[in-house]
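These are my notebook entries on one protein structure. I set down what I looked up, topic by topic.

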Amino acid sequence: MENSDFDTENQPQEALQDDLLNNDSRNYQNDDELDDDEEDLQMTSQEVLQALQRAWINEKFAPDLLPYEDALVEMVMIQLVHMEENLATANKNDLLYIVHRMEVERIRFVVASYLRCRLQKLETHTAHILETESNRPRNSKRLSEAEHKFAVDFQASIENHFCQLVMRHMPQNHVEDERARRIQPNLDTHVFARALKDVGEYSIGGGAYSVNIKTGAVHLFKYRDIEPLLIDGQLELI
């Protein structure tokens with residue numbers, strides 16, 4: 001297969017890296033809002049995958065729902081389409097094809113697991129998440145449009161089912177307020193976090209204590225104390 005991305009003369013690792021970088025050093029561009037000003041963010045495919053893996057791990061260990069990484073998911077899905085196109089023209093008996101196929105499945109697993117983590121939180125804390133989301137500024141929303149629609153429909157279905165199954169058979173004075181049935185995430189859960197940047201002296205426990213956070217340092221915090229740093233990208237959960 002001369003001039004193919006799956007030339008068996010190349011080493012699998014080198015070919016895989018070339019494919020991850022789209023063989024032409026293509027950069028993806030994404031516009032992010034920062035203080036109401038737009039700036040271009042350029043990332044290679046490998047950096048996009050690493051960022052998505054970090055978002056997945058953060059979502060997995062955070063008790064509350066984090067902002068949806070719409071740009072990362074979209075860029076990774078574009079990368080998957082590119083890789084699938086290469087695989088479609090490859091020799092399926094080639095060892096390099098197997099390596100590339102495994103990489104595609106690995107990336108798909110990360111994307112699916114990331115979305116599944118968010119879905120589980122939505123199903124568990126639906127009412128709380130919807131109320132909190134409605135009180136956030138427009139530029140601080142954490143749900144995608146699809147997630148918001150799902151949450152609204154899911155909450156309506158749960159309330160209707162609960163009413164038909166239980167509430168309508170109970171005396172009115174025994175009917176609980178809907179808010180009393182809400183399950184809220186425990187923001188006082190302790191999490192391990194690693195510093196990606198020098199934060200310096202940082203107050204925790206409502207200002208009662210402070211800790212010096214340096215790059216690479218690992219600390220055990222209450223999630224409530226470090227959520228702003230996590231969302232800002234200064235920490236990652238491990």
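A salt bridge is a side-chain nitrogen of Lys or Arg within 4 Å of a carboxyl oxygen of Asp or Glu. Accessible areas come from the Shrake-Rupley method with a 1.4 Å probe, and for residues only the protein chains shown count as cover.

I recorded that this is a predicted model, in which local features need pLDDT of at least 70 and side-chain atom pairs count only at pLDDT 80 or more, while totals for chains, interfaces and linings use all residues. Residues are numbered from 1 along each chain as its sequence is written, and side-chain values use heavy atoms, with hydrogens and water left out.

**Entry 1: overall layout.** I found seven helices and seven strands; these are DSSP runs (helices H or I, at least four residues; strands E, at least two), numbered from the N terminus. Along the sequence I read the order α-β-β-α-α-α-α-α-β-β-β-β-α-β. Of the 238 residues, 37% count as buried, meaning under 20% relative accessible area, with exposed over 50% and partly exposed in between.

**Entry 2: surface patch.** I located a nonpolar patch formed by F192, V218, L220 and I238, with about 360 Å² of accessible area together. L220 belongs to strand β6 (residues 218–222). Is L220 buried or partly exposed? I noted it as partly exposed, because its relative accessible area is 48%.

**Entry 3: cores.** A nonpolar core is a set of buried Ala, Val, Leu, Ile, Met, Phe, Trp, Tyr and Cys residues joined through side-chain atoms within 4.5 Å. The largest has 23 residues, and M43, V48, L52, L72, V76, I107 and Y114 touch the most other members. Helices α2 (45–61), α3 (70–88) and α4 (95–124) each give two or more residues to this core. Not counting residues up to four places away in sequence, V76 touches V48, L49, L52, I107 and V111; contact means heavy atoms within 4.5 Å. I also found a second, separate core of 16 residues, including V211, I213, I226 and L229.

**Entry 4: H125.** I found H125 in the loop between α4 and α5 (126–134). H125 counts as buried because its relative accessible area is 12%. Its side chain reaches the backbone oxygen of I183 at 3.0 Å.

How values were computed. Buried means under 20% relative accessible area, exposed over 50%, partly exposed in between (1.4 Å probe, protein chains only). Patches are made of residues with over 30% relative accessible area and no salt bridge: like charges are joined within 9 Å, nonpolar side chains (Val, Leu, Ile, Met, Phe, Trp, Tyr) within 5 Å. A polar contact is a pair of N or O atoms within 3.5 Å; within protein, one must be able to donate a hydrogen and the other to accept it, and residues adjacent in sequence count only if both atoms are side-chain atoms.
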